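Please open the structure in your viewer and keep the sequence panel beside it. The stops below are meant to be taken in order, each beginning with a selection.

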Amino acid sequence: MKRVHNFSAGPATLPLEVLKKAKSELTNFQNMGRSVMEISHRSAQYTEIDRQAKTHLRDLLNLGDDFEIMFLQGGASSQFMMVPFNFLDENETADYIDTGRWSNKAIKEAKVFGNVHRPYSSSESGYDRVPTDDELTFSDNPAYVHFTSNNTVAGTQFPKEPETDGIPLVCDASSDFLSKPIDVSRYGIIYAGAQKNIGPAGVTVVIIRKDFLRKADTEGVPTILQYQTHAEKIFNTPPTFNVYMVNLVLEWIQDKGGLEYFKSFNEKKAALLYDEIDRDDFYRGAVEKDSRSLMNATFRLPSEELEAKFLSEAEERDLYTLKGHRSVGGIRASMYNACPMESVQTLVDFMKTFRKENS
Ligand code: PMP
């Protein structure tokens, strides 16, 4: 069986161990003579999967009883709407740190419901950085501060949570969720589409602090779009197979050594690649060094022609999906938790050869 080196930004590579386990159980889950896709979401077996996945998340993130966890549909993009629908009134303001394409989409939805203030924007410099704390200017009394912890398109990442002086953070953590430990006490909401770091596309993890949830204004909000609905119980049919896969990935993350392990593993992979990018000026990092993402490394070559050649020769060596996002071009290597060191090493070896042959 051949597997390529997969640098896809998402849906992204999954741990081979997880895929094999899922394959082995596919047609006959727990001797039921049925797959996990063919049982009720109210069955004891599915209820146990849901419970296990939530327990793994609590353990990995050190979440106390003061947090609710839910597995929703609609992707992170639905959270762009659900957050302000529940937490932003027309007379209120929410602060949205603008660090790229996804922040912008979140801002567009928030404006449907209330006022948006941008404490910072790197749009003028092409989203090449994230702010330091002293660059943030908040509004007087924001309902929350929204930020995108990792900017998948530009290739920037907040090295730590922005300082907000007690205002709850709402975080789109889609592309660095569970890649390192975080200080959960700072967050009102953390949401993440699964398809980068924790499973296949189709399920979105939402974590909400209970005291923040109590501030939700549900008047005029359809039942399925109220967070409270999903906090109380499994409201409607969840994407059961996806939650099953997420549970397997969470188990794998724990077996490997949890978030401290992945922090160090991800730092090593990123260092290996960025060192190569910085070796001379053949490759050029696309963003400021202090803002670089450990998940999505973005860089350029001396010309677009060389970039096209690079991508095509990379595929000949089984190095796949290295093309930058269509809105920015260039090269993007995504190396989430499940991307092995060996893939990054193979990429770096290829980069050395390509530089030698083309400079
Ligand atoms: N936020 C970020 C940071 C993302 O990278 C993406 C997907 N690339 C999204 C939101 C949108 O996610 P979805 O497609 O699950 O709605």
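What follows is a tour of a predicted model, stop by stop.

**The annotated lysine**

Begin by selecting Lys 196, which UniProt lists, in an unreviewed entry, under "modified residue: N6-(pyridoxal phosphate)lysine". In the model Lys 196 sits in the loop between strand S9 (187–193) and strand S10 (204–209). Is Lys 196 buried or exposed? Lys 196 counts as buried, because 30 C-beta neighbours fall inside 10 Å, where 20 or more is the threshold for that class.

Beyond four places in sequence, the contacts of Gln 195 are Gly 10, Pro 11, Ala 12, Pro 200 and Ala 201.

Then select Ala 194, which lies in the loop between S9 and S10 and counts as buried with 27 C-beta neighbours inside 10 Å. Not counting residues up to four places away in sequence, Ala 194 touches Gly 199, Pro 200, Ala 201, Val 203, Thr 204, Val 205, Asn 242 and Val 246. For a sense of scale, draw a distance from the C-alpha of Ala 194 to that of Asn 28: these two residues are 166 residues apart in sequence and 25 Å apart in space.

**A cis peptide bond**

The peptide bond from Gly 10 to Pro 11 is cis, with omega near -10°, and Pro 11 is placed in the loop between strand S1 (5–6) and helix H1 (16–25). Most peptide bonds are trans.

**The shell around the ligand**

Next, display the ligand and select the residues around it, which are Gly 10, Gly 75, Ala 76, Ser 77, Trp 102, Thr 148, Thr 152, Asp 172, Ser 174, Ser 175 and Gly 193. Which helix gives the largest share of this shell? Helix H3 (residues 75–87) does, with three residues. The shell as a whole divides into two nonpolar, eight polar and one charged residue.

Within this shell, select Asp 172, which lies in strand S8 (residues 169–172) and counts as buried with 28 C-beta neighbours inside 10 Å. Leaving aside residues within four places in sequence, Asp 172 is in contact with Ala 76, Trp 102, Ala 106, Thr 148, Ser 149 and Tyr 191.

Now colour the positions that the unreviewed UniProt entry annotates as "binding site", namely Ala 76, Ser 77, Trp 102, Thr 152, Asp 172, Gln 195, Asn 236 and Thr 237. They span 162 residues in sequence, and the farthest two C-alpha atoms are 30.6 Å apart, so they do not all gather at one spot.

**Helix H2 and its two sides**

Select helix H2 (44–61), whose 18 residues reach 26 Å from the first C-alpha to the last, close to the 26 Å expected at 1.5 Å a residue. The buried residues in H2 are Ile 49, Ala 53, Lys 54, His 56, Leu 57 and Leu 61. They cover an arc of only 155° around the axis, which puts them on the same side of H2. The buried residues of H2 pack against strand S2 (67–72) and helix H7 (240–256), whereas the face turned away from the buried side carries the exposed residues Ala 44, Glu 48 and Arg 51.

**Positive phi angles**

Just after H2, Asn 62 takes a positive phi of about 60°. Asn 31, in the loop between H1 and H2, has a positive phi of about 55° and counts as exposed, with 7 C-beta neighbours inside 10 Å. Finish at Asp 318, in the loop between helix H9 (304–316) and strand S13 (319–320), where phi is positive at about 65° and where the residue is partly exposed, with 14 other C-beta atoms within 10 Å.

Notes. Residues numbered from 1 in each chain as written. Predicted model: local features only at pLDDT ≥ 70, side-chain atom pairs only at ≥ 80, totals over all residues. UniProt positions renumbered as here; feature names shortened; annotations may be inferred. Helix = DSSP H or I, 4+ residues; strand = E, 2+ residues; numbered from the N terminus. Buried ≥ 20, exposed ≤ 12 C-beta atoms within 10 Å, placed from the backbone. Contact = placed C-beta atoms within 7 Å. Near = placed C-beta within 6 Å. Nonpolar A, V, L, I, M, F, W, Y, C, P; charged D, E, K, R; others polar. Expected span 1.5 Å × (residues − 1). Arc of directions from axis to C-beta.
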